[in-house]
Amino acid sequence: NALLIGVDGSGKQSLSRLAASISSLDVFQITLRKGYSITDLKTDLSALYIKAVADENFLVLINDMLASGEIPGLFAEDAVEEITGAIRNEVKSQGIDDTRENIWKYFIEKVRKNLKQLPIVQASIGFMNGQKKP
């Protein structure tokens, strides 16, 4: 996980947009303004859901990924064999019995640790120096 904190103009948005571009991801940004309410947040989030959800199964897959790190049926059998073969020695070096199940669990845990979320916090210079934000 990464939390980008910095004064206005320090490149937080540019960095996150570059990372999204490199990863071939779309950027969705909520713009806070004076009077922004829970209703506004729900409206923004509903627009994100409409954009992101082509069908109902999309949310099921995201939920599986966030809850367990694993999406059932994501990899074909030959891809699973290739993955487990590629990390077998790494698993052994960790003192873990190199059964297929253990290797797969190790892989999923490694994926979960490396999944990235990128919240961004913007702050004015005065706020960063301990003053209340207007």
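Here are some notes on the predicted model shown above.

1. **Ground rules.** Because this is a predicted model, local features need pLDDT of at least 70 and side-chain atom pairs count only at pLDDT 80 or more, while totals for chains, interfaces and linings use all residues. Numbering starts from 1 along each chain as its sequence is written, and side-chain values use heavy atoms, with hydrogens and water left out.

2. **Overall layout.** The protein chain has six helices and two strands, in the order β-α-α-α-α-α-β-α from the N terminus. These elements are DSSP runs numbered from the N terminus: helices are H or I with at least four residues, strands E with at least two. Of the 134 residues, 15% are buried (under 20% relative accessible area; exposed is over 50% and partly exposed in between, with a 1.4 Å probe and protein chains only). Among contacts (heavy atoms within 4.5 Å) with a separation of 6 or more, 47% join residues 24 or more positions apart.

3. **The core.** Nine residues form the largest nonpolar core: Val80, Ile83, Ile87, Val91, Ile103, Trp104, Tyr106, Phe107 and Ile108. Such a core is a set of buried Ala, Val, Leu, Ile, Met, Phe, Trp, Tyr and Cys residues joined through side-chain atoms within 4.5 Å. H4 and H5 are the elements that give two or more residues to this core, and H5 gives the most, with five. Leaving aside residues up to four places away in sequence, Ile83 touches Phe75, Trp104 and Phe107.

4. **Two helix ends to look at.** Lys12, in helix H1 (residues 12-22), is buried with a relative accessible area of 6%. The Lys12 side chain makes a polar contact with the side chain of Ser10 at 3.5 Å (a pair of N or O atoms within 3.5 Å; within protein, one must be able to donate a hydrogen and the other to accept it, and residues adjacent in sequence count only if both atoms are side-chain atoms). Ser93, in helix H4 (residues 77-93), counts as exposed because its relative accessibility is 58%. A polar atom of the Ser93 side chain lies 2.7 Å from the backbone oxygen of Glu90.

5. **Lining of the second largest pocket.** This lining has 14 residues, with Glu70, Ile71, Leu74, Phe75 and Ile108 nearest the pocket centre. Helix H5 (residues 100-114) gives the most to the lining, with four residues. A pocket here is an open set of points on a 1 Å grid over the protein atoms alone, where a 1.4 Å probe fits, with protein on both sides within 12 Å along at least five of seven lines; lining residues have an atom within 4 Å of a point.
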